[in-house]
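Colleague: Could you take me through how the two chains in this model meet?

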Protein chains: 2
Amino acid sequence: MIKKIIKNYKKPIFLYNYKKIIKNIKNIKNIKNIKIFYAIKSNYNKNIIKELNKKINGFETVSIGEIKFLNKIGIKNKRIIFSGVCKKKRDIKYAIKKKVSMISVESFEEINKIKGKIKIILKYNLNLKGGTKKEITTCKKDNKFGIRSNETNKIIKFIKKKKIKIYALGFHIGSQIKKVKYYIKAIKSIEKIKKIYLSKGIKIKTLNIGGGFAINYRKNKVFYYDKLWKFLNKNKSFNNFIIEPGRYITANSCLTISKVVYTKKVNKKKIAIIDIGMESIIRPALYKSVHKIVNLYKRIKKYHDIVGPICETTDTFQKNKYIGIKKGDFLIIKDTGSYCLSMRSIYNMREKPLEVIIKNKKIKVI
Amino acid sequence: MIKKIIKNYKKPIFLYNYKKIIKNIKNIKNIKNIKIFYAIKSNYNKNIIKELNKKINGFETVSIGEIKFLNKIGIKNKRIIFSGVCKKKRDIKYAIKKKVSMISVESFEEINKIKGKIKIILKYNLNLKGGTKKEITTCKKDNKFGIRSNETNKIIKFIKKKKIKIYALGFHIGSQIKKVKYYIKAIKSIEKIKKIYLSKGIKIKTLNIGGGFAINYRKNKVFYYDKLWKFLNKNKSFNNFIIEPGRYITANSCLTISKVVYTKKVNKKKIAIIDIGMESIIRPALYKSVHKIVNLYKRIKKYHDIVGPICETTDTFQKNKYIGIKKGDFLIIKDTGSYCLSMRSIYNMREKPLEVIIKNKKIKVI
């Protein structure tokens, strides 16, 4: 199939596999009373979003720009959660006016800005570890995310006075959380907070467990969370659950095909210069992330650096990789369906890659 | 002036000072026979480029996208150098067809792809240090840039056989080169290569010393290279020089005004969440770079983290900065005229900042 697709190769190709997206959604669906809201910041392809729209409950957004984008491609506001740590008053006003379904509140101050009808999710910073890299943790108290636990009493006083209803409690413990135990710890922690609300007569029945579900980039596989789903199915503190995955649904559904334009010799190794770089896939440069890379053709293996076309040394995919590469070869970069093109920059003004999906054995440019 | 500009503040503002751009150009101009080609990848604002076009010799580009962009805003191809490590055959063909003035060749293979009339610059990788961060060095032999010295004989054979003329020799020793000695070392090294060409009857009169000229981000100042200009003025190996600065001309000509939307308490410090982030200024997240940040207002100083609005912990400008900040304040981020908006991404779909220039005491949106 890939050999067919590269026949008229002109520029890098992002190739999605519809089946994998569906499989990833099914991995989550065996929990009762769960609603899936896809975090669209992980992928902005409108066709992918439209496909997802048929299979899940809605979308999590982090800016008015994202809400407007969803509206433009036909997604209704009742299917949208509005999140983000930096909502301005006018942003909140806009979301309420447009009847966005829910708002994830990240601080006490924010509740104050809500005037009108919208379902409120109180997103807590539980000061927990997620066993994740420092750069992508979001639930330690020294980072910007979430309501601090010690603000609870202040919030209760305020919402009782103003007669504000709370729809859900929530948390977000980071990205790439590989172990179920971190979610369970967070749930137990938020159950305590729920009890504080309940002791003041405030009933909250829904829990938003956020995102953070991991994939294994080295092995091109998703992690499985069956123990967590079991835990949620048995849970008696909450009746309903919301989940906001991004990477988990689309990352491993896509691979990138890129051509080796030049090779250069350096002592015992070679450098392969490919036609895609940090303008479209910034994760290796920004987080030192590793994407699995294979050659479409079989070659005698040698040590290679694999680098992009951008005028920056940072633009490096892998150093000293044991792989066979010749000029003109096509390399396959795996797991590029999330946080790649959605982080694309205009730097160096390179051509936008082609996006293609395989669905029901048919190839379609999207 | 800034207080006047923020009067109707709606979103972050990039504020350029025309005077500073002119001053930076003048810092270079006291060399005889030098031609300045601005590296446009450092700033894509079309008004800035048009202003520069009146004052310098032309522009250095790294992709066909950049060439097309310059053409679109009225810059002629005779004022363009085409560089980059990943030029495809069709890119070179396009540049020649459009009569781009010069091409910077980065490997032996590339010369092979040149069919037609264009001035050739042979850009060497001299395997030298530039005293710079590993991430931004470009002249060590294990990185992708430049022709390797040991390819010289092969090149000479080839160009004699094909009757190809060479217009200039060149090098690029990295970014943020703070000491003149690195340039002088590189010039001495390239003079030896020139002699090899000369010994085979090939005269090359022009030297392209590339870019890499530094600014001091902590002090919001440019470095000065008077010793280098003197050295070039006395140089007898070459008659003409080309220089390709980017950052040196525009970085310190611009500052960014951003509003503090929220503050959060963390033990002894506070977090200030501002309305611009890594989507527009990625240098702190990508290179751990520090931009000087001051508050427009005077406050009692405390320890603050300054973070952006993006849903990433990486989106941090400075940790534990001793500065006074209150909600609603305006922070001034200095030296944002290069490698900020030209690296802007669509991530989180935030609004594009406003760009404004002060020229002859007048404020103009650009």
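Modeller: The answers below concern the interface of chain A and chain B in a predicted model. Local features need pLDDT of at least 70 and side-chain atom pairs count only at pLDDT 80 or more, while totals for interfaces use all residues. Residues are numbered from 1 along each chain, and side-chain values use heavy atoms.

Colleague: How many residues of each chain are in contact?

Modeller: In chain A there are 73, and they touch 73 residues of chain B (contact means heavy atoms within 4.5 Å).

Colleague: And how much area do the chains bury between them?

Modeller: About 5,700 Å², with 56% of it on carbon and sulfur atoms; buried area is the accessible area, with a 1.4 Å probe, that two parts lose on being put together, summed over both. Within chain A, Lys144(A), Tyr262(A) and Met349(A) lose the most area to chain B, together 14% of what that side buries.

Colleague: How many salt bridges does the rule find across the interface?

Modeller: Eight (a side-chain nitrogen of Lys or Arg within 4 Å of a carboxyl oxygen of Asp or Glu) are found there. One salt bridge joins the side chains of Lys88(B) and Asp275(A), at 2.6 Å from N to O.

Colleague: Why do the copies meet through the same surface?

Modeller: Because 100% of the interface residues of chain A are also interface residues in chain B.

Note on methods:
Chains lettered and ligands numbered in written order.
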